[in-house]
Amino acid sequence: MFTLAEVASLSDIQPTYRILKPWWDVFMDYLAVVMLMVAIFAGTMQLTKDQVVCLPVLQSTVNSKVQPGTSGKADFTTTVETTTAQGEEASMRTVSSGSAPDSVTPDSVTRDIFLSRATSSQYQSTESGQEVKKEQKDSSGRKTNLDFQQYVFINQMCYHLALPWYSKYFPYLVLIHTIILIVSSNFWFKYPKTCSKIEHFVSILGKCFESPWTTKALSETACEDSEENKQRLTGAQSLPKYVSTSSDEGSPSASTPMITKSGFKFSADKPMIEIPSVTILDKKDGEQAKALFEKVRKFRAHVEDSDLIYKLYVGQTVIKTVKFIFILCYTANFVNTISFEHICNPKVEHLIGYTQFQCTHNMAYMLKKLLISYISLICVYGFICLYTLFWLFRIPLKEYSFEKVREESSFSDIPDVKNDFAFLLHMVDQYDQLYSKRFGVFLSEVSENKLRGISLNHEWTYEKLRQHVSRNAQDKQELHLFMLSGVPDAVFDLTDLDVLKLELIPEAKITAKISQMTNLQELHLYHCPAKVEQTAFSFLRDHLRCLHVKFTDVAEIPAWVYLLKTLRELYLIGNLNSENNKMIGLESLRELRHLKILHVKSNLTKIPPNITDVAPHLTKLVIHNDGTKLVVLNSLKKMTNVAELELQNCELERIPHAIFSLSNLQELDLKSNSIRTIEEIISFQHLKRLTCLKLWHNKIVSIPSSITHIKNLESLYLSNNKLETLPAAVFSLQKLRCLDVSFNSIAVIPVEIGLLLNLQHFHITGNKVDILPKQLFKCVKLRTLSLGQNCITSIPDKVSQLLQLTYLELKGNCLDRLPVTLGQCQLLRKSGLIVEDHLFDALPSEVKEVLNQDTSIPFANGI
């Protein structure tokens, strides 16, 4: 036997699920518990007290019903005669109050018969009074031929034959129906494919509700709203902290990724409110909130793609409704079948002697009342099921809008959700709408970014940022921030910063405080699509001079970049393939009217036409390809003011003819191409200003004599080619100051080299030279002489004539010794002498002492 508490526990669910139980589900659970109690109570009563009591229907009783007008005397006589006749066939037993069996029912009936017969004897004639008195004295009750065991037998038979089946099985049916309803109500909490999602959702929802970040975010929003309302009431439209004096033509368009005034933000157009109690967040709470944002994001992606929970809930509600209709239909028909009196025909006359019995069911009244109560409970249960179906189909529960939450909390970016995620939120709203409001905080990217900003500012203080400031090669103060969640506010307090590098910061925001950084002129954005406020943009537009942008796709380039009209240098590094070349039109480069240097490192197949929009004022164009062949170069002709042109790694096979139209060209760099011949070099005679020609890292086999026509050439780089000889024409370039022919196959240095009286840098490392001509040392202005990795066996003593020599590379040759005259090279020091250690050690001590002197001494003497 089980207790009521054990049965009631079947309808219990885990307390954590209570937020997903709307009022109708809770009410139906209570109704189910009451129905369980009805079933258990009825079952207990039936097991302990349920029975029927039957008595034989006598013939006299039948006759009396047929002839109601017959006198009592006749009735009694007939009864006596019947009894006497039966007594002749079987032995007689007298049933009286004194000798009755232990059975209560037969005794009670016999006593009633005796009293009725005693009453009827008062109406007999006086002549037979003595006989009647004598008979009454001998017999105290009705005489029958049934003993106690026979009555028990008849009672048991008639319990199964005469009693309706519903009276016998009513408690068990109620128990089965109630268990089915309980299972139907809670199946979605137990089904494996839904319970895991529900448990996860309830867990996340509870943490979101209790998270300190939720309260802080909503409180901060409320503070911002109140401040905005104040400004609206006062009509304050104050000017930004930094007011640009530029015209409106550089203002960002509607598509420019600026930080607008709507939503949750730091606005530069109004005073910023500092609320220490709100913005300061405990580090542990901040980390937990970050984890919650990630969990919510993953849970949404996992749950929003299906609607299994919704379908399961609808299905179980339909099953309960159908169950209610079924129970109501068949139960209502059995209410009237439960009665106190029943006629039983057991068909055992050969054992008992009677054919018909009249029985009473002692539990009939109680069962009828319990059945009516059960029907009432089922009706209430059914109406609630119908209401639930109405709620399920009245509104689209597979869509959930946070519109109200967005209005109340000012988190305008909270997205609407769908499918099972939406359904779970609808269910939560039935419990308490505050849960959805607080949960929505963790769906907002603005809220997440704000949390990151607070955590970031807490970690990256002014002191810590100051420690990361360094000085670059240009002796400028530089700060490099890498892989942060945002830009710390303290960065903008570094007012003396010259260069700011932001790398892999996807949520970078440049606020109005950047206007404090008056020294900032160079900005690097590496995979960092930064957004700027309006005031910040105005400052950058008027002050920024150099911008480096590194991207994966051209769409990542912030649109405001093309509106920086005072920008002087722009470096674009990323993918600009043929499909995206249209986008580099950027519509914008034409707005960069002061742009002088454009550096593009990409995979171009042609120079984008939009680049030529800035051609009239470009002085330097650098295109570094990744090996993609640059085919179309005709647009170069428009760049009449270009002084420096670099086309590196563009798979060029010849010098492009378009270059010969650049009359102002001073430096040409065609490094790392596939140029084999340079016969077109004769056309360079028209480039009167060309002073530097870099044809290194190509496949050039020979240098044409027409190179002598480039009269103003000062630097010639031909390293890493396939040259075997140097023509005399090269040494006719009297203005040549730098000649680099390293890593070729040159075996002889022509004696004509002595004609280059202005030569300062000569590099012939990595060739096959074995003898140094004496004429080389006539180039007394040489400061750099690279002779390493050759076959040189000796260095002439005339090396002492190179008084301005500061760098001498001899390592990798076949030298036995170094000339002692090296000590006469006044500017040469050990740090500038690249040679094997044993050769240096073999020098006289006085020479080594000279070479080891401090380099500052000669300069102090004015040498």
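This is a predicted model: local features need pLDDT of at least 70, side-chain atom pairs count only at pLDDT 80 or more; totals for chains, interfaces and linings use all residues.
Q: Buried means under 20% relative accessible area, exposed means over 50%, and partly exposed lies in between (1.4 Å probe, protein chains only). Which residues are buried in α7?

A: In α7, the buried residues are Q150, Y151, I154, N155, C158 and Y159. Residues are numbered from 1 along each chain as its sequence is written, and side-chain values use heavy atoms, leaving out hydrogens and water.

Q: How far apart are the end C-alpha atoms of helix α7?

A: Helices (H or I, at least four residues) and strands (E, at least two) are DSSP runs numbered from the N terminus. The expected span of a helix is 1.5 Å times one less than its number of residues. Helix α7 covers residues 148–161, and its 14 residues should span 20 Å; the end C-alpha atoms are 20 Å apart, which agrees.

Q: In what order do the three strands of the open sheet lie?

A: Two strands pair if DSSP finds at least two bridges between them. Here the order is β1-β5-β4, with antiparallel pairing. The edge strands, β1 and β4, each pair on one side only. From one strand to the next, the twist averages 25°; for angles, axes are lines fitted to C-alpha atoms (for helices over the stretch in contact), and values run from 0 to 180 degrees between N-to-C directions.

Q: How many bridges join strand β1 to β5, and how many join β4 to β5?

A: Five bridges join β1 (residues 52–56) to β5, and four join β4 (residues 341–344) to β5. F357 of β5 is the bridge partner of P56 and also of C344, while C359 is the partner of H342. Strand β5 (residues 357–361) has a covered face with F357, C359 and H361, and an uncovered one with Q358 and T360.

Q: Which strands does α7 lie across?

A: Contact means heavy atoms within 4.5 Å. Helix α7 lies across β1, β4 and β5, and runs at about 115° to β1.

Q: Is L55 buried or exposed?

A: L55, which sits in strand β1, is buried, because its relative accessible area is 19%. The C-alpha atoms of L55 and I343 are separated by 9.9 Å, although these residues are 288 apart along the chain.

Q: What does S211 touch?

A: S211 sits in the loop between α9 (192–210) and α10 (212–234). Leaving aside residues up to four places away in sequence, S211 touches A289, L292, R438 and F442. At 7% relative accessibility, S211 counts as buried.

Q: How many aromatic pairs are there?

A: Rings of Phe, Tyr and Trp (its six-membered ring) pair if their centres lie within 6.5 Å; planes under 30 degrees apart count as stacked, over 60 as edge-to-face and the rest as tilted. The count comes to 27 aromatic pairs. One of them is F170 with Y374: the ring centres are 6.3 Å apart and the planes at 75°, so the pair is edge-to-face. F170 lies in helix α8 (residues 165–190) and Y374 in helix α15 (residues 364–394), so the pair ties together parts 204 residues apart in sequence. Both F170 and Y374 are buried.
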